[in-house]
Amino acid sequence: MFFAFLSSLFHSISESFLTVKGAALFLPCGNGSSSSSTPRATPRRNKHAGDLQQHLQTMFTLLRPEDTIRLAVRLESANSRYTRYMVVVSTIGRQDTEESVVLGIDFKSDCSCSVGLVLPLWSDTLIHLDGDGGFSVSTVNRVHIFKPVSVQAMWSALQSLHKACEVARVQNYYPGSLFLTWVSYYQSRVSSDQVCINEWNAMQDVQSHRADSPVLFIDVPTERERTERLIKARLREIMMQKDLENVTSKEIRTELEMQMVCNLREFKEFIDKEMIVILGQMDSPTEIFEHVYLGSEWNASNLEELQNSGVRFILNVTREIDNFFPGLFEYHNIRVYDEEATDLLAYWNDTYKFISKAKKAGAKCLVHCKMGVSRSASTVIAYAMKEYGWDLDRAFDHVKERRAVAKPNPSFMRQLEEYQGILLKMVPCFFSAHETPNRNKTEVGKVNCSS
């Protein structure tokens, strides 16, 4: 009733909208179809309009003539130099039904705008409140967090998104169908600054994967546990400052005792094991191919090493580790744990595209997880199979030869076997020839089926 009443207040113009603080709800007139010409933003003015009208007029210049804005919501921004909007754009598709996409639009201080995110609303789209003033939109293994600048703006956004998602469910929109093919127009026009793109893809729900907490009220760490935690922190600091080729384990332990002002004899075995762990983390990333490095959390956090290696793209295959330098590198996140239940195969099409993007740009890509052993190694093996037309054994041996610690967990190995079957179904002779990567080859992995 409320929105029906509002609609009756507007005249027959291309588009009208109602503004609340940080949001504009569009109310199409007539039969609700899109205008054939660029619509005019004609607001019902109120005290919350601010610079929203000017931004809306600029947004329209990004749209195709046949598309229309259903909602524009201003979002919180980590960078004061940019203003961010979540924009729901709709059109009438090939099947004469309404199709919608979420665009992330970034404004600079000069009011110029660009697209930083394109998120098609498929039939599997789910919306969840995050309990922190925002909500998540998840679809086809993608999850994005949106935090509107006001409660009313969030309400407007949820109303519009639920409506668009209901249409997608009823019409069964799914990737690879004839639905939402027009989305490629906007995907090809993503041009926001990298710092903005990183924020659209930020992992705002990063978690630390650890053992279950003890029962409530008895989870206070023991004195030994507190000492071990302090040893870990101090030991890393000492090892980072030492020439590890010219110092013994005993000398490191002696300095550790001096810094902690206590005798650590009973912790000798713990210290030795922790040294091995830290050494593994401090090891350089492994060059698997000329454009692909495989490494650990330590490698992903070592800015000097990344820059010296020529890395510009970072594929983060972890749930528990955030991106260390979002303003300096292009990131892609696969938020999974190293667990048997993890479906890593579902992400290998996206990871292949990301690594290929780095290769096409003439850049190097670091693929990392916690230790560079299971999740990231599996992902690089899957990439090698598809890129070079290798079977699983050849790809696994290649990665293992270069990074001896690589060891996908049993579930990931089964998924790699399944992936091999998928590739064979796509191209029956996919593994009929073994391609060898080299610097001059431009069509690596494109096996000639007639040979």
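Start at H128, which sits opposite S136 in β9. Strands here are DSSP E runs of at least two residues, helices H or I runs of at least four, both numbered from the N terminus.

A word on the source. This is a predicted model, where local features need pLDDT of at least 70, side-chain atom pairs count only at pLDDT 80 or more, and totals for chains, interfaces and linings use all residues. Residues are numbered from 1 along each chain as its sequence is written, and side-chain values use heavy atoms, without hydrogens and water.

Now the sheet. β8 and β9 (residues 135-139) run antiparallel, joined by 4 bridges. Pairing takes at least two DSSP bridges between two strands. The open sheet has 3 strands, ordered β8-β9-β10, with antiparallel pairing. Twist averages 20° from one strand to the next. Angles run from 0 to 180 degrees between N-to-C directions; axes are lines fitted to C-alpha atoms, for helices over the stretch in contact.

What packs on the sheet? Helix α3 (residues 151-171), touching β8 and β9. Its direction makes about 160° with that of β8. Contact means heavy atoms within 4.5 Å.

Next, a helix pair. The axes of α6 (residues 223-241) and α7 (residues 249-260) come within 10 Å and cross at roughly 120°. The two are therefore oblique to each other. Oblique is what remains after under 35 degrees (roughly parallel), over 145 (roughly antiparallel) and 65 to 115 (roughly perpendicular).

Who meets whom? From α6, the residues include L230, R234 and I238; from α7, they include I252, E255 and L256.
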